[in-house]
Amino acid sequence: MKNASIVTIRKELQDLPREDLLELCLRLGKFKKENKALMTYLLFEAHHEDSYIASVKDTLDEQFEGMTTDSYFYMKKTIRKILRQVRTYSRYSNHKSTEVELLLYFCEKLNALRPNIHHNKTLHNLYQRQCLAIEKKIKALHEDLRHDYQLQLDALIIPTL
């Protein structure tokens, strides 16, 4: 089966009655967890971006607190999982500042972890890559936001091993 283009899908959706559109949306929500999460964001949280960011930060706090810090192996697995979720939460929002803010918070939490992630080459490199990614994303923001976020990033940058 070949997937239709977005343009074709948009044209088809415009011709559907309201009840059929509602049924399609509910069916999409049942089909996959990410679809349901995106629909939840669009319906309930898109208008309150600050509260969305706060709730994501709370979720990240819980995940960092529940992390097993017995070995770097388990820390790596959990940190990568958390980073995937940060990227997913960032994709839901169309605001670039949301992505930067969540990544900055992720790096702050990584930096505060004990045992120190900078003693492990893999985790240190992951941290450095995220700092570079944040720096690139900051350049695309408005000048006022750029300055504020750059100050936060400068406080996080650690020299290489």
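## Close-up views of a helical chain

**Figure 1. L113 and the residues that surround its side of the core.** L113 touches F64, M67, M75 and I79, leaving out residues up to four places away in sequence. Keep in mind as you look that this is a predicted model. L113 also belongs to the largest nonpolar core, which has 33 residues.

**Figure 2. The whole chain, before we zoom in further.** How many helices and strands does the protein chain have? The protein chain has eight helices and zero strands. Reading from the N terminus, the order of elements is α-α-α-α-α-α-α-α. Along its principal axes, the C-alpha atoms fill a box of roughly 60 × 40 × 30 Å. The radius of gyration of the protein chain is 19 Å, whereas a compact globule of 161 residues would have one near 15 Å. Buried residues make up 29% of the 161 in the protein chain. Among contacts with a separation of 6 or more, 65% link residues 24 or more positions apart.

**Figure 3. The largest nonpolar core.** Which of the 33 core residues touch the most other members? They are I79, F106, L110, L113, I117 and I134. Five helices each give this core at least two residues: α4 (49-65), α5 (72-92), α6 (96-112), α7 (121-138) and α8 (143-156). Helix α6 supplies the largest share, eight residues. As background, nonpolar side chains in soluble globular proteins tend to be buried together.

Figure 4. You will find F106 in helix α6. Is F106 buried or exposed? F106 counts as buried because its relative accessibility is 0%, and the cut-off for buried is under 20%. Setting aside neighbours within four places in sequence, F106 is in contact with F64, I79, I82, L83, V86, L126 and Q130. Take L83 from that list: F106 and L83 are 23 residues apart in sequence, and their C-alpha atoms are 7.6 Å apart in space.

**Figure 5. The loop between α6 and α7.** Where does P115 lie? P115 is in the loop between α6 and α7. The peptide bond joining R114 and P115 is cis, with omega about 5°. H118 is found in the loop between α6 and α7 as well. H118 has a relative accessible area of 9%, so H118 is buried. From H118 to K136 is 18 residues in sequence and 22 Å in space, C-alpha to C-alpha.

Figure 6. L156 sits in helix α8. L156 counts as buried because its relative accessibility is 7%. Which residues are in contact with L156, leaving aside its neighbours within four places in sequence? The partners are L104, C107, E108, N111 and Y127. One of them, Y127, is 29 residues from L156 in sequence, with 9.7 Å between the two C-alpha atoms.

**Figure 7. The surface and its charges.** The protein chain exposes about 11,300 Å², and carbon and sulfur atoms supply 54% of that area. How far apart are the mean positions of the positive and negative charges? For the 26 positive and 22 negative charges of the protein chain, the mean positions are 10 Å apart.

Conventions:
Residues numbered from 1 in each chain as written. Predicted model: local features only at pLDDT ≥ 70, side-chain atom pairs only at ≥ 80, totals over all residues. Heavy atoms only, no water. Helix = DSSP H or I, 4+ residues; strand = E, 2+ residues; numbered from the N terminus. Rg over C-alpha atoms; globule rule 2.2 N^0.38 Å. Buried < 20%, exposed > 50% of the residue type's maximum accessible area, 1.4 Å probe, protein only. Contact = heavy atoms within 4.5 Å. Areas by Shrake-Rupley, 256 points an atom, 1.4 Å probe, with all protein chains shown as cover. Lys, Arg positive; Asp, Glu negative; His and termini not counted. Charge placed at Lys NZ, Arg CZ, Asp CG, Glu CD. Core = buried A, V, L, I, M, F, W, Y, C linked by side-chain atoms within 4.5 Å.
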